[in-house]
Protein chains: 2
Amino acid sequence: MKKYNVRSLIAATVVVGLFGCATDPLPSWNDTTTKQSIVAFVESVTDPSSDSFVKVEERIATFDNDGTLWSEQPIYFQLAFAFDRIRALAPQYPEWKERQPFKAVIDGDMETVLAGGKHALLEIVMASHAGMTTAEFEEIVSEWVGTARHPKTKRLYTEMVYQPMLELLDYLRANRFKTYITSGGGVEFMRPWVGNVYGIPPEQVVGSSIQTEFEMRESGPVLVRLPAVDFIDDKAGKPVGIHKFIGRRPIAAFGNSDGDLQMLQWAAAGKGARFLLLVRHTDDAREWAYDRESHIGRLDKAWDEAKKRGWTVVDMRRDWKVVYPFERKGANQ
Amino acid sequence: MKKYNVRSLIAATVVVGLFGCATDPLPSWNDTTTKQSIVAFVESVTDPSSDSFVKVEERIATFDNDGTLWSEQPIYFQLAFAFDRIRALAPQYPEWKERQPFKAVIDGDMETVLAGGKHALLEIVMASHAGMTTAEFEEIVSEWVGTARHPKTKRLYTEMVYQPMLELLDYLRANRFKTYITSGGGVEFMRPWVGNVYGIPPEQVVGSSIQTEFEMRESGPVLVRLPAVDFIDDKAGKPVGIHKFIGRRPIAAFGNSDGDLQMLQWAAAGKGARFLLLVRHTDDAREWAYDRESHIGRLDKAWDEAKKRGWTVVDMRRDWKVVYPFERKGANQ
C-alpha cells in the first residue's frame, strides 16, 4: 500500500500545479448556484484540513449515460443502433419482411415498433446484439459509432455529448476521483468508445448485459454473445450493479431520470460528504425539453426527491453556456 | 486523457527511483528459471524500446485466489467460514439438529457433509451467506477473518497467504500493472480483507456471487443478499467474468488448478507478450502436495496444457524460499 501513498502525494502535487491556479475548470457552466455547489463539494472533500475530506480511494463518482452524458432523443441511441443493425441484417433474414417487429423496423414504422412494447424491443435487441463473438460485436459497434448520424442534428452520435459534463468528468479526475459510467445501456455497446469520448476506461463501465459463453474454436477461444439477459442496470438495479462491479459506495452520483433515483438514494445514504445531481432537460432550442410526461428519460419521482433532499438539479437552459462541444466558439463545424 | 499521461510519467519516474536500483523485488523466490521468466516478461513489456512493450492501461494481471494467493487445504477457507457460520447460527435453527447437511456440520462430521455433494454445499452456502444485508455480511466476514484459526497451523487464515506471491503482486504494481483477483470464491467474502492483505481494492475483485436486491427501509436503503446464485466465476466462467467485469484481456494470468485453465487460455490468446503461470503444490513439509488426484485444487488438464504451451509452472518446494510470511527470518512468530 505504501506505493499508492507515494504516488498519491506526487500526483496531488502535480494536480495542484496544473489546476490550482486561476483557470476555470468548468468554463461551459454559467456561474450559478449549480456550478457553485459542484465546486464547493469538490473543494471540501479534497481539502485535507476539512471535516469532509475523503481519501483518494473512496472518491468514487458514478454517471448515468443516456440523458446525463449524451442525448437520448428522439430515441435512446442504442435503439437507433439496434434498428440500423436489423436493417443491415435484413437481407440475410428474408422472413423478417413479413414478421413483426422486424417488418416495422425495416419499413421505418416506429409507431408499430413502439406499440409492440417491451417484448418487441427485447426481440429487436437480441436479434441485433446476440449471436456473434464479443470481438465481432465490438467491431460492429465501433463501425456504427464512427459513421451513423443523428436524424435531427446529422452529427455523429458521439458528438452529441454534453460539453459541461465532459468538463465535470475532467474536473473530478483532476481531483483524483475515479469516474464510472452506470448506465441502463449495454456495457458492450459503450466500452468501445467511452475511452476516447469520456476518458473512461472499459473497467469503469457498469451497464446492462446479455450472457456470454466461452467456446474453444479451432482458431482459439472466443466469448459468444447469447440471446439471454444477464443483468439490467436500471432503477433498483443500479445500486445492485454498483455494489457488484465497484464494491464501494459512490460519494457522488449523476443522473437525469427516475431510472437513476435508487442510485442517488444509495449514494446519498453513505456517511460523510455526498453530492447528488440530476440533469433536467429544459432546453428545447439547443437540445430537448422534457420531464414528468416523457416516455424516454422521465424525470418525475427523482425530481420530487431532489427537491425534498436538496440535491442539485441542473437547469440545462440556465446553467449551461453550451450544450454540445461543436457549439463552442472556434469548434470545428 | 492528458492528465493520465502526465501522471503516468511522474509515477514512472517515481517507480524507477524507488525500484530501479539493486534491490531484488522478489527476495522470497529462488533464482530459478521460474523467477527469471517472471522478471524477463516484466522487463520486456515495460521497456519502451522493446517490441513487446505494453501501454500502462493494458497491463492487466489476473490472479486466482484459492491455492494461488493463499492455501486451500484441507478445505477451501470459505467453506470453513460457512461451517463456522452454520454452527454460530444453529441455536436460532433448532430444526438443523435433525436435518442434513446441517446436522453433519454441527457434529463436525465432514465425511457426511462432503458425501452430500454439490447440493449439500449449496444449501450450506446459502444458509450461511444469504438473508442479511451486504453491510451485515461484510461485518460477519471481517469478524471471522480477524479471529478464526486454521485447524493445522492455528494461524489466522489471512496469515496463510504466499509470501512470494505477495512480492509478485507488489512487483507488478511497481511496474504499473493493475492487479485483479479472479476467483471461484465469493466476491463479498474477499472484498473485506484483500485490500489489507494483498493491496487489491474492492473494485479489482472478480468472483462468484449470489443475487442481491435493493430495498428501501425506514432506516434507509439496503441491499439484501438472496439465496440464489448470480454468477459462478470458475472454469469457463473465468473468461466470462473477466470480460464482464474488466472488459480487457489480461496480459498475465496466474492460477493453480484446472479451474484456471480457461482463464489462462483466454489471456494467452491475446496479441503481444503474454505471461501464464501455474502454482504447483509440491511441498508437503511447508504447505501441501497435491495435483492430478486432488478433489480440491486439482491440477491435471491445465498442467498438461502448460507443458504443451510452455507456460511457467511454479514448483513450490524448489522455487520458493519461504511459503508464508511468518516463516521469514525475524517475522513475528
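Which side chain is joined to that of R173(A) by a polar contact of 3.1 Å? The side chain is that of D170(A). This is a predicted model, in which local features need pLDDT of at least 70 and side-chain atom pairs count only at pLDDT 80 or more, while totals for chains, interfaces and linings use all residues. Residues are numbered from 1 along each chain as its sequence is written, chains are lettered from A and ligands numbered from 1 in the order in which they are written, and side-chain values use heavy atoms, with hydrogens and water left out.

**R173 of chain A**

- R173(A) belongs to helix α8 (residues 163–174) of chain A; helices (H or I, at least four residues) and strands (E, at least two) are DSSP runs, numbered from the N terminus.
- R173(A) is buried, with a relative accessible area of 9%; buried means under 20% relative accessible area, exposed over 50%, and partly exposed in between (1.4 Å probe, protein chains only).
- Besides D170(A), the side chain of T179(A) makes a polar contact of 3.0 Å with the side chain of R173(A).
- A polar contact is a pair of N or O atoms within 3.5 Å; within protein, one must be able to donate a hydrogen and the other to accept it, and residues adjacent in sequence count only if both atoms are side-chain atoms.

**Nonpolar cores**

- The largest nonpolar core has 71 residues, and those with the most contacts inside it are F41(A), F63(A), M165(A), L168(A), Y198(A), F254(A) and W320(A).
- Helix α3 (residues 77–89) of chain A gives the most to this core, with eight residues.
- Another core, of 70 residues, lies apart from it and includes I140(B), Y157(B), F254(B) and W288(B).
- Such a core is a set of buried Ala, Val, Leu, Ile, Met, Phe, Trp, Tyr and Cys residues joined through side-chain atoms within 4.5 Å.
- Leaving aside neighbours within four places in sequence, M165(A) is in contact (heavy atoms within 4.5 Å) with W29(A), F63(A), T68(A), L69(A), V279(A) and W320(A).

**Helix packing in chain A**

- The axes of α3(A) and helix α6 (residues 117–129) of chain A come within 9 Å and cross at roughly 65°; axes are lines fitted to C-alpha atoms, for helices over the stretch in contact, and angles run from 0 to 180 degrees between N-to-C directions.
- On the α3(A) side, the contact is made by Q78(A), L79(A), F81(A), A82(A), F83(A), R85(A), I86(A) and L89(A), and on the α6(A) side by L121(A), I124(A), A127(A), S128(A) and H129(A).

**Covered helices**

- In helix α10 (residues 237–245) of chain B, nine of nine residues are buried, and G247(B), which follows α10(B), has a positive phi near 75°.
- Helix α11 (residues 261–268) of chain A has seven of its eight residues buried, namely L261(A), Q262(A), M263(A), L264(A), Q265(A), W266(A) and A267(A).

**D258 of chain B**

- D258(B) is in the loop between β5 (252–255) and α11 (261–268) of chain B, and D258(B) is buried, with a relative accessible area of 15%.
- The C-alpha atoms of D258(B) and K235(B) are separated by 7.1 Å, although the two are 23 residues apart along the chain.
- Neighbours within four places in sequence aside, D258(B) is in contact with K235(B), R298(B), L299(B), D300(B), K301(B) and A302(B).
- A polar atom of the side chain of D258(B) lies 2.9 Å from the backbone nitrogen of D300(B).
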